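Keep the structure open while reading.

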Amino acid sequence: SAAALLVHAHLDVVPADPAGWSVPPFAAEIREDSQYGELLYGRGAVDMKGFAGTLVAVVREWARTGTGPRRDVILAFLADEEAGGVWGAKWLVENRPDLFSRATEAIGEVGGFSVPLPAGSGHRRAYLLATAEKGAGWARLHARGVAGHASRQRRDSAVLRLARAVAALGAHRFSVQRTAATAASVAAVTDLVGGLDGGDAALERALDELGLVGEIVGAGLRHSAVPTMLAAGYKINVVPAEALAEVDVRVLPGDEAGFRRAVEQIVGEEVTVEWGEAPAPTPSPVDGPLVETLRTAIAADDPDGVVVPYLLPASTDSKNFSRLGIAGYGFTPLRVPDGFDTFGLFHAVDECVPTDALRFGARVTERVLRTA
C-alpha cells in the first residue's frame, strides 16, 4: 500500500577531449593517488555513471540474496539529461506518465557527497542533500538603433545600447532570498559550528569562511543573470541596426515574476527582453520520512556525518518529474577525503572518484532503497 520511490540516473555524459586528460576519458582506469588513494578515472565517474553503476550493483545483490525493498522502487536510466532531458525524462513524463503513477518521491543527482565542516564541528562531515533546484533558462536582449557608416559616431547605435545593458546586468547583484532550502542549510550548519544566523551581510561573510560548503550554500542565496554570448554587425565599417545578447538565468523558487521584472528594469528601456521557455524552480520538503531515512543511512556508515539540505543552483532530470507531483532529492552518497572537490569535478578534465567512496555509496544506497 506504500507509494513508490523513483530512483533515476542519466547515462549520457558531456564531451571529453582526450588531449586535455592525463588518462583516456572513457577507459575507466583505476590509478593510485598519493593524496586520495585509489581513484577511478573517466567521464561520468561522478556525473553520473558512478551512481548508475551503484544502482545496478544494488539490484543485482538483491537478486542474488533474495532481498527486496520495503516499497516499490522504480529505476529510471535516462538518455539525455545533459541536453535538457528532451528524449529522456521529458519524453517519459509527457508520453508515459503511467510508469510513475504511484511514485511520490525521487532520488537523483546532485548531492550526497561529503564536505568537511570547519573547526568547531568536531571534525564532522556534511552530506549535502539537494531539496530544491533553481529554475534554469535563458533570456535574449535585443537592441536596435540607426544603421549607418561607421565614420559617424552615434550614441544611439544598437551596439552601444546593448553594451550598456550587458554591463548593467553584469554588475548587478541580486538581493539575498532565504528559501526553505537555504533556511534549512543555515540552521543545520549553525547548529554544528554557529555563526550563520545573523543578517544577510553577516550570513555571506560567514559562508565565505566555511570553504567549499559555504560556496555551495552561497550559490543558492540569490538569482543570477549572466550574459554569455554577443552578436552584432557584419562589416567593420557599418554600424549595425541590431545587436543581440544571450543571458543564462538561474531563478530561485517563489519569485519568478519578480525576477523578470527586475531584469527588464536593470537593462533599461533601450533594449527589449525575450524570455525563453524554461523549467521552473523545484522546491521539495526539507524534512519528512525520506529525509530521515537518508540521515539514518548515513549515520550507520559514518557516525560523524550530518545530512545538510541545500538549494542546487543548477538543473537535473528532477525538474521534469516534478511536473508529475514527485518531490525530488539530489543524493548520490559518496564519502570522499577532505579536500576532494566532488562538485568541482562535474564536467571537468580528469573527472574521477575514489573507489572507497563508491563502496561507501553502494552500502548507503542499498540501505536507503531497502528501508525508505
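Helices (H or I, at least four residues) and strands (E, at least two) are DSSP runs, numbered from the N terminus. The model is predicted.

## Aspartate 317

Aspartate 317 sits in the loop between strand E15 (305–312) and helix H9 (318–322). Aspartate 317 is buried yet has no salt bridge. Which side chain of opposite charge is nearest to aspartate 317? That is arginine 323, 9.6 Å away. A salt bridge needs a side-chain nitrogen of Lys or Arg within 4 Å of a carboxyl oxygen of Asp or Glu.

Leaving aside neighbours within four places in sequence, aspartate 317 contacts His8, His10, Leu78, Glu81, Gly85 and Ala89.

## Salt bridges

Side chains of opposite charge can pair when their charged atoms come close. The structure holds 23 salt bridges. One of them joins glutamate 351 and arginine 43 (2.8 Å, N to O). This pair links distant parts of the chain, 308 residues apart. Glutamate 351 is in the loop between strand E16 (327–330) and strand E17 (352–354). Arginine 43 is in the loop between strand E3 (37–41) and helix H1 (49–65). Both residues are buried.

Arginine 295 and glutamate 292 also form a salt bridge (2.7 Å, N to O). They lie 3 residues apart in helix H8 (residues 289–301), so about one helical turn separates them. Arginine 295 is partly exposed, at 29% relative accessible area. Glutamate 292 is partly exposed too, at 41%.

A further salt bridge pairs arginine 367 with aspartate 301 (3.8 Å, N to O). Arginine 367 lies in helix H10 (residues 355–371) and aspartate 301 in helix H8, so the pair ties together parts 66 residues apart in sequence. Arginine 367 is partly exposed, at 22% relative accessibility. Elsewhere, salt bridges that share partners join Glu38, Asp356 and Arg359 into one network.

## Helices H3 and H7

Helix H3 (residues 158–171) packs against helix H7 (residues 256–267) at an angle of about 130°. Their axes are 8 Å apart. H3 and H7 are therefore oblique to each other. Ala165, Ala168 and Leu169 in H3 meet Val263, Ile266 and Val267 in H7. The residues of this contact comprise 6 nonpolar, no polar and no charged.

Helix H7 also holds arginine 260. Arginine 260 is partly exposed, at 38% relative accessibility. Not counting residues up to four places away in sequence, arginine 260 touches Trp275 and Gly276.

Technical notes. Residues are numbered from 1 along each chain as its sequence is written. This is a predicted model: local features need pLDDT of at least 70, side-chain atom pairs count only at pLDDT 80 or more; totals for chains, interfaces and linings use all residues. Side-chain values use heavy atoms; hydrogens and water are left out. Buried means under 20% relative accessible area, exposed over 50%, partly exposed in between (1.4 Å probe, protein chains only). Lys and Arg count as positive and Asp and Glu as negative; His and the chain ends are not counted. Contact means heavy atoms within 4.5 Å. Axes are lines fitted to C-alpha atoms, for helices over the stretch in contact, and angles run from 0 to 180 degrees between N-to-C directions. Angles under 35 degrees count as roughly parallel, over 145 as roughly antiparallel, 65 to 115 as roughly perpendicular and the rest as oblique. Ala, Val, Leu, Ile, Met, Phe, Trp, Tyr, Cys and Pro count as nonpolar, Asp, Glu, Lys and Arg as charged, and the others, Gly among them, as polar.
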